[in-house]
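Subject: Structure for your review

Dear colleague,

Please find the structure below, together with its sequence.

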Amino acid sequence: MKSTPLYLVAGTVALAAVTGFAALTAPGDEGPVEPQAAALLPVERSSLLCPAPSMSDLADTTYTSFTPEGEGGGEAGAAELKAAEALPADDAPAGEDADKGKDKGTDAEKGRTAESKPVLSLKDLGKPSIAETSKSGAPALVGTATGKLAPGWTTQQTTTAEAGGARGLLGVSCTTPDTDFWFPGASTAAARQDYVHLTNPDDTAAVADIELYGAEGPLKSDAGEGITVPARSSVPILISTLTGEAAENVTVHVTTRTGRVGSAVSAAEDKVGSDWLAKSADPAQTLVLPGIPSDATSVRLVAFAPGEDDADVKIQLMGKNATFSPAGNDTLHIKSRMTASVDLKNITRGEPGSIRLTSTDGSRTPVVAALRVVRGSGAGQEIAFIPATAPVGDRASVADNRAKASVLSLTAPGATAKVKVTASAGSGGGEKTSKTYTVKGGTTLEVIPEAPDGLKGGYALTVETESGGPVHAARTLTLKEGGVSMFTVQTMPDDGGTVEVPAVQQDLSVLDD
């Protein structure tokens, strides 16, 4: 048999690796092989970054790490979080000094991280591991999971601050490193102290830019350009120091020129409390913001249109039994590159709910959005944020759940869906338990999870879509301190535990002479 030319084989293999749809026909074959779908395989490595927690001397922080049980082989692997070096923003070189910062970061990493001990190590699949600290100035964490512990690895950072200007329950799911983040819902107002945290997981410095947008457009700022984040280090930056303009509602846009970072915004508001503002889902024409507590006393929607065109969106509340538009606030006009907001007050009126934003017929401009949510009144007020989030997809998990303290919100903006909710084994003991729920299309279902049998310690919740959907989910954690019901809300997008790998379309051994 005559061999197929080598250049044809090489080119076809390369095409298959990129697209998964190449086919090859050798002389004498009856025809091309039908293309096969790409295979979904478990990821072999995951990275997470946790921002530095509260600086308060009265704050206690708990880190909870978890990987759900699932299919997939590979080595046992490891999942560890280590301390990053905390650097004040004033010490971070910018602009022309960025290249110098790269060298400093690399040298610092060589001399420091090789000997650093893990702050938290995950031991087992399907069972969370916990670490606690009450140390003021605790560092940001940089972590990696490999082998069987990588698919779906998640870590929750929860800080309880009982007093002071940063009083509150501050919760955040540690983030994966990226190059682009949107944070609608921040503020430079006098009553707010908002910090954007930049954490670099890599062995060379990253250079980031921070843009701020208020109700009238971009806020004047030169200090947000060319911020260097040294290797395996974290830089907190007070947003109000980046501009001389005070604005109640601000959209923060973080991008990197080189490298990648993890980013989150810590927000503290006088007389209301504090929490983390996580990034919004990527700009889109339809967004879902799930998990508004039934007893919310104030809900503010903040949205931003990053494109060149204005956006008009329809606002809908997906409640317990149906979807409806709030009277007088059924639409929102968002001017290009300007932050828009609307006070939805106590929109849920005693029932759980989720917000859906949809571009109107005449608008196709993508937007980002988040909710500022307040529970309680007077001295008992407490604040949290809910960013727009992607669907649960195949699976999503959230760690640090505690007995009688967690509420799960499930919403199906389209078709009715069935989901399985699993409460993992407890960190100190107990057996996992699972239950299936039906979420009616266009509604929000509030679930008080069944705790693991014989629970000791904390546990994780995993949501898996079984049929229908899509489904969006959020977990509310509530702890009472000093007579105040402090709370935090974490959304639950797909955990990214699998990756598409192009299928091999033909055994090339048939091409031999």
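Predicted model: local features only at pLDDT ≥ 70, side-chain atom pairs only at ≥ 80, totals over all residues.

Residues are numbered from 1 along each chain as its sequence is written, and side-chain values use heavy atoms, with hydrogens and water left out.

Overall fold

The protein contains 2 helices and 39 strands; these are DSSP runs numbered from the N terminus (helices: H or I, at least four residues; strands: E, at least two). Of its 513 residues, 51% count as buried (under 20% relative accessible area, with exposed meaning over 50% and partly exposed in between; 1.4 Å probe, protein chains only). Taking contacts (heavy atoms within 4.5 Å) between residues at least 6 apart in sequence, 82% join residues at least 24 apart.

Largest pocket

The largest pocket holds about 880 Å³ of space. Its lining comprises 42 residues, of which Cys 174, Thr 176, Lys 279, Pro 493 and Asp 494 are the closest to its centre. Strands that give two or more residues to this lining include S2 (45–50), S10 (168–173) and S38 (484–491). By class, the pocket lining has 19 nonpolar, 16 polar and 7 charged residues. Here Ala, Val, Leu, Ile, Met, Phe, Trp, Tyr, Cys and Pro count as nonpolar, Asp, Glu, Lys and Arg as charged, and the others, Gly among them, as polar.

As to method, a 1 Å grid is laid over the protein atoms alone: a cavity is a set of points where a 1.4 Å probe fits but cannot get out, a pocket is an open set with protein on both sides within 12 Å along at least five of seven lines, and lining residues have an atom within 4 Å of a point. Grid points are joined across faces, edges and corners, and a volume is the space filled by probe spheres set on the points.

Cavities

The structure holds 2 cavities of 30 Å³ or more. About 50 Å³ of space lies in the largest cavity, whose lining includes Val 421, Lys 435, Tyr 437 and Glu 450. Strand S33 supplies the largest share of that lining, 4 residues. The second largest cavity has about 30 Å³ of space, and its lining includes Leu 49, His 197 and Ser 263. The lining of the second largest cavity has 3 nonpolar, 5 polar and no charged residues.

Thr 158 is found in strand S9 (residues 154–161) and is buried, with a relative accessible area of 1%. Although Thr 158 and Thr 62 are 96 residues apart in sequence, they lie 5.2 Å apart in space, C-alpha to C-alpha. Not counting residues up to four places away in sequence, Thr 158 touches Thr 62, Leu 169, Asp 400 and Leu 477, among others. The side chain of Thr 158 also makes a polar contact with the side chain of Gln 156 (3.2 Å); such a contact is a pair of N or O atoms within 3.5 Å, where, within protein, one must be able to donate a hydrogen and the other to accept it, and residues adjacent in sequence count only if both atoms are side-chain atoms.

Thr 64, in strand S3 (residues 59–66), is buried with a relative accessible area of 1%. Among the residues that Thr 64 touches, not counting those up to four places away in sequence, are Gln 156 and Asp 400.

Yours sincerely
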